[in-house]
Amino acid sequence: MLTEKTLEKIEQIQKNYHSKKSAVMGALMAVQRDSGNNLTREDMEAVARILEVNPVEVHAVAGFYTMYNWKKPVGRNHIQVCWNLSCSLLGAEHLISYIEKSLGITVGETTPDSLFTLSTVECLGSCGTAPMMQIGDDYYENLTEEKIDTILADIRARS
Amino acid sequence: MEKILLKNIDKPEAYKLENYVANGGYKAVRKALEMDPDHIIQMVKDSNLRGRGGAGFPAGLKWSFIPKDPTIQKYLCCNADEGEPGTFKDRAIMDNDPHLLLEGMMITCYAIGASIGYVYIRGEFEYGAAKLEDAITEAYEKGFLGKNIFGSKFSLDLYVHRGAGAYICGEETALLESLEGGRGQPRKKPPFPALAGLYAKPTVINNVETLGSIPAIIEKGPEWFKAIGPEKSPGTRICGVSGHVKKPGLYELPMGTPLRELIYDHCGGMRGDKKIKAVIPGGVSAPMLVEADLDTPMDFDSMGAKGTMLGSSAVIVMEEGTCMVKVAYITNRFFSHESCGKCTPCREGTSWLTRVLHRMEHGEGRAGDVELLESLCGNIFGRTFCPLGDGAVMALRGALKHFREEFVYHVAHKKCMATTE
């Protein structure tokens, strides 16, 4: 079930376009944000009903773009480490192994307490400050092992 | 040199409307609104401004394709789906100086007769999207957007549309599909977007940096703009430098600045003073150059003559000792991951290339693999629906052209000749 808050957001997003279908992407993201960063089949069908589009078209959108989390649940802090060229040249793979060891999981996994999910991603447009990663909405740049220790410790302390 | 695009970047709170105005902003759009729209298009044509997204298409010419019939709805879409690996220039403008982009969009919309504009920003740029939305809200509140802007007959609504993770949406027709709420797969051209774009209406799609250059052209004139850099490829360019240089970052320089000057004078040279092995001059799709090419001016035509492209001016610098098989593998893995799946040569070809490069890189290369790569390239290049597959091939062919022996060595010896790995 979508909350009043989410429904209001979807209503607002629709005003940006001449076509309801154009609001599918924004609506899915609004639902995902309000549902602990995850998206279910039911959510997609609800979006389809609200925007009066065929559910298969909403599933198609959710399946095409990488930022919709529906294949498997992601943890409360989604760590996405860039492993494209500029970051790789400055040691991204090493940092990925370091985070894997630090969290006790491998890429694609979620910690048992659901605090962290670790993923690799392609270029996030922060190449001049490589290596970098994104956690939630935030970019963390010019990474070193020490910086990663501090970032992970801060998140653990906050939760 | 006078900066055009990054002039406000280091000023405090440059993203606020009042500060943008205090820094001389929104003068150009006031001037434009007193001019005939066709005159503005002519000025942009005369300036020789070429598209900064990568293709270098003349911006004024693109605008002139839009039908003049005032009864037809027209759209402007700003392509802010910055995703070409190595590129981080548009993000800097949106994060720090969003009103520069809005002013460029206002002038462009007035010139082409569009009353609605969208900024298609990549989904990961949460910060930039929020800054743009705040800037748009502020612009409405102060009468810079909405009905009858500055008391003129011109009305304009601008919106932010966020992507959700798909490199292909930087291709203009895929961007339109995505804006219409579908999978971001490219459309067949023709019809071109200038005739049938967003919702099948005439649409101009311009990059952030292109639109950011417009206010200066209107304010100071096309002759002033054309005097910066080479006449056929003028203006300034934001070069985003990454990799093994001492000072990576963004450098706004006159078009045509040689790579050597960029790397040694502006970026402080190479980390550890090592030699340069290769330089990718315009995002990973652009074939790499080597030390002997460093005096090539960074403009569209000079880079084209060298068999590569200026692209997004994303310069990735690699030092001696970098494994080119690994570079090729990472690059192709990216293209394979981002292939939209619409056409077979790209979908199957890029993933096949990646599998071959993966086994080479991991010491499991087989006899004939280098030839297999070359054969696959021939079956992808020029046979795909959009330029993504071509980009993958151009990148790989660039690496093979200069460093074929490294690929052969990897297969024969199951290890790298460039590194100690």
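1. A residue counts as buried under 20% relative accessible area, as exposed over 50%, and as partly exposed in between. By that scale K220(B), at 39%, is partly exposed. The model discussed here is predicted.

2. The K220(B) pair. K220(B) forms a salt bridge with E2(B), and their closest N and O atoms are 2.2 Å apart. This pair links distant parts of chain B: K220(B) sits in helix 9 (residues 208-220), while E2(B) belongs to the segment before helix 1 (17-22), 218 residues apart. E2(B) is partly exposed as well, with a relative accessible area of 42%.

3. The interface between the chains. Chain B brings 58 residues to the contact and chain A brings 37 residues. About 3600 Å² is buried between chain B and chain A, and carbon and sulfur atoms give 58% of that area. Polar contacts between the two chains come to 22 residue pairs, with both residues at pLDDT 80 or more. Six elements of chain B each supply at least two residues to the side that touches chain A: strand 2 (116-121), strand 3 (157-162), helix 8 (172-179), strand 5 (236-243), strand 8 (314-319) and helix 13 (324-338). Of these, helix 13 of chain B gives the most, with eight residues. By class, that side of chain B has 26 nonpolar, 20 polar and twelve charged residues.

4. Charge pairs across the interface. Side chains of opposite charge can pair when their charged atoms come close. How many salt bridges does the rule find across the interface of chain B and chain A? There are four. In one salt bridge, the side chains of E93(A) and K326(B) meet at 3.6 Å, N to O.

5. The whole structure has 38 salt bridges over all chains. R33(A), D137(A), E126(B), E133(B) and R162(B) are linked in a network of salt bridges. R33(A) lies in helix 2 of chain A, and D137(A) in the loop between strand 3 (133-135) and strand 4 (138-140) of chain A; the two are 104 residues apart. R33(A) is partly exposed at 40% relative accessibility. D137(A) is partly exposed too, with a relative accessible area of 32%.

6. A helix-to-helix pair in chain A. K9(A) and D34(A) form a salt bridge, with the closest N and O atoms 2.9 Å apart. K9(A) is in helix 1 (residues 4-14) and D34(A) in helix 2 (residues 24-34) of chain A, so the pair ties together parts that are 25 residues apart in sequence. Is K9(A) buried, exposed or partly exposed? K9(A) is partly exposed, with a relative accessible area of 31%. D34(A) is also partly exposed, at 24%.

7. Domains of chain B. Chain B is divided into domain 1 (17-226), domain 2 (236-319) and domain 3 (324-413). The C-alpha centres of domain 1 and domain 3 of chain B lie 35 Å apart. Eleven residues of domain 1 are in contact with ten residues of domain 3. The area buried between these two domains is about 810 Å², with 74% given by carbon and sulfur atoms. Salt bridges between domain 1 and domain 3 of chain B number zero. Three residue pairs are in polar contact there, both residues at pLDDT 80 or more. The side of domain 1 that touches domain 3 divides into five nonpolar, three polar and three charged residues.

8. Backbone points to check. Most residues other than glycine have a negative phi, and most peptide bonds are trans. A cis peptide bond joins A130(A) and P131(A), with omega about -5 degrees. P131(A) lies in the loop between strand 2 (116-121) and strand 3 of chain A. The bond from K189(B) to P190(B) is cis, with omega near -5 degrees. P190(B) is found in the loop between helix 8 and strand 4 (203-207) of chain B.

9. Positive phi. D273(B) is not a glycine, yet has a positive phi of about 50 degrees. Its place is the loop between helix 11 (259-266) and strand 7 (276-280) of chain B. D273(B) is exposed, with a relative accessible area of 62%. S313(B), not a glycine either, has a positive phi of about 60 degrees. S313(B) is in the loop between helix 12 (300-305) and strand 8 of chain B. S313(B) is buried, with a relative accessible area of 0%.

Definitions and conventions. Residues numbered from 1 in each chain as written. Chains lettered and ligands numbered in written order. Predicted model: local features only at pLDDT ≥ 70, side-chain atom pairs only at ≥ 80, totals over all residues. Heavy atoms only, no water. Contact = heavy atoms within 4.5 Å. Buried area = accessible area lost by both parts, 1.4 Å probe. Polar contact = N/O pair within 3.5 Å; in protein donor to acceptor, adjacent residues only side chain to side chain. Helix = DSSP H or I, 4+ residues; strand = E, 2+ residues; numbered from the N terminus. Nonpolar A, V, L, I, M, F, W, Y, C, P; charged D, E, K, R; others polar. Domains from an automatic or database assignment. Buried < 20%, exposed > 50% of the residue type's maximum accessible area, 1.4 Å probe, protein only.
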